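I opened a notebook page for this chain.

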Amino acid sequence: MTPEAAAQPTGVPERVVLIGAPGSGKSAVGALLAERWGVPHHDVDALIEARVGTTIAEVFATHGEEWFRRVEIETTAATLRRTGVVSLGGGAPLAPATQQALAGEVVVWLQVSVPVAAGRVGLNVARPLLLGNVRGRLMKLLEQRTPVYRSLATHTVDTDGLDPAQVAEQVAAAVAGR
């Protein structure tokens, strides 16, 4: 057990990993859970932006998706060695290395429907894979990613119709086994 794990609140796993599609609420819910439990929150997309010194949208435009995915795999692997709540990027679980790293972890899939996700992300230019036909791209992403999310999840929380605080409450209850 790491020294950080010794400080974990009773009943809270050393690490809780949030996965899901864009618009599922991984960042917002992760921050709320971390605050609730008094543990660090690690948002992989924010860590990548800090590491490369620019936005993910700019990384896609400048270096391309392949380069971004390499950085994402490295950053995810390093982050999964930390304690607390980890919010992964929507595509991170697709990488075989990340799938292996998630084995044995508490992984919560924040499930979201296409209409709700589209409403949440809108025309957000910070999400380069959704530019253009947001709804159509989300449908395609969910079609590709849902089987992966399902296979990795130890818990699933449907986020449709819930605000981040309500989702955080459901995640906390699921993780606690209630």
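**Confidence.** I looked up the confidence before anything else, as this is a predicted model. The mean pLDDT of the chain is 86. I found that 84% of the residues reach 70 or more. Residues 1–6 stay under 50. For that stretch the model has six contacts beyond four places in sequence. Residues 123–131 are also below 50 in pLDDT. Here the model has 22 contacts beyond near neighbours in sequence. I will read both stretches with care.

**Overall make-up.** Next I looked up the secondary structure. The chain holds nine helices and five strands. Along the sequence I read the pattern α-β-α-β-α-α-α-β-α-β-α-α-β-α. The chain has 178 residues, and 44% of them are buried. I also checked how far apart in sequence the contacting residues lie. Of the contacts with a separation of 6 or more, 71% are between residues 24 or more positions apart.

**The sheet.** In what order do the five strands of the open sheet lie? I read E2-E3-E1-E4-E5, with parallel pairing. Strand E2 (41–43) and strand E5 (155–158) stand at the edges. Each has a single partner strand, so one side of each is left without a neighbour in the sheet. The twist averages 20° from one strand to the next.

Strand E4 (residues 106–111) runs parallel to E5, and four bridges join them. Val-108 stands opposite His-155 in E5.

**Helices on the sheet.** Which strands does helix H3 (residues 44–52) lie across? I found E2 and strand E3 (84–87). H3 runs at about 65° to E2. Helix H9 (residues 164–176) lies across strand E1 (15–19), E4 and E5. H9 runs at about 155° to E5.

**A helix pair.** Last, I looked up how helix H4 (residues 56–63) packs with helix H5 (residues 65–79). The angle is about 130°, and the axes are 7 Å apart. That angle makes H4 oblique to H5. Which residues make the contact? From H4 I listed Ile-56, Val-59, Phe-60 and His-63. From H5 I listed Glu-65, Trp-67, Phe-68 and Arg-69. I sorted the residues of this contact by class: five are nonpolar, one is polar and two are charged.

Conventions:
Residues are numbered from 1 along each chain as its sequence is written. This is a predicted model: local features need pLDDT of at least 70, side-chain atom pairs count only at pLDDT 80 or more; totals for chains, interfaces and linings use all residues. Side-chain values use heavy atoms; hydrogens and water are left out. pLDDT is the predictor's confidence in each residue, from 0 to 100. Contact means heavy atoms within 4.5 Å. Axes are lines fitted to C-alpha atoms, for helices over the stretch in contact, and angles run from 0 to 180 degrees between N-to-C directions. Helices (H or I, at least four residues) and strands (E, at least two) are DSSP runs, numbered from the N terminus. Angles under 35 degrees count as roughly parallel, over 145 as roughly antiparallel, 65 to 115 as roughly perpendicular and the rest as oblique. Ala, Val, Leu, Ile, Met, Phe, Trp, Tyr, Cys and Pro count as nonpolar, Asp, Glu, Lys and Arg as charged, and the others, Gly among them, as polar. Two strands pair if DSSP finds at least two bridges between them. Buried means under 20% relative accessible area, exposed over 50%, partly exposed in between (1.4 Å probe, protein chains only).
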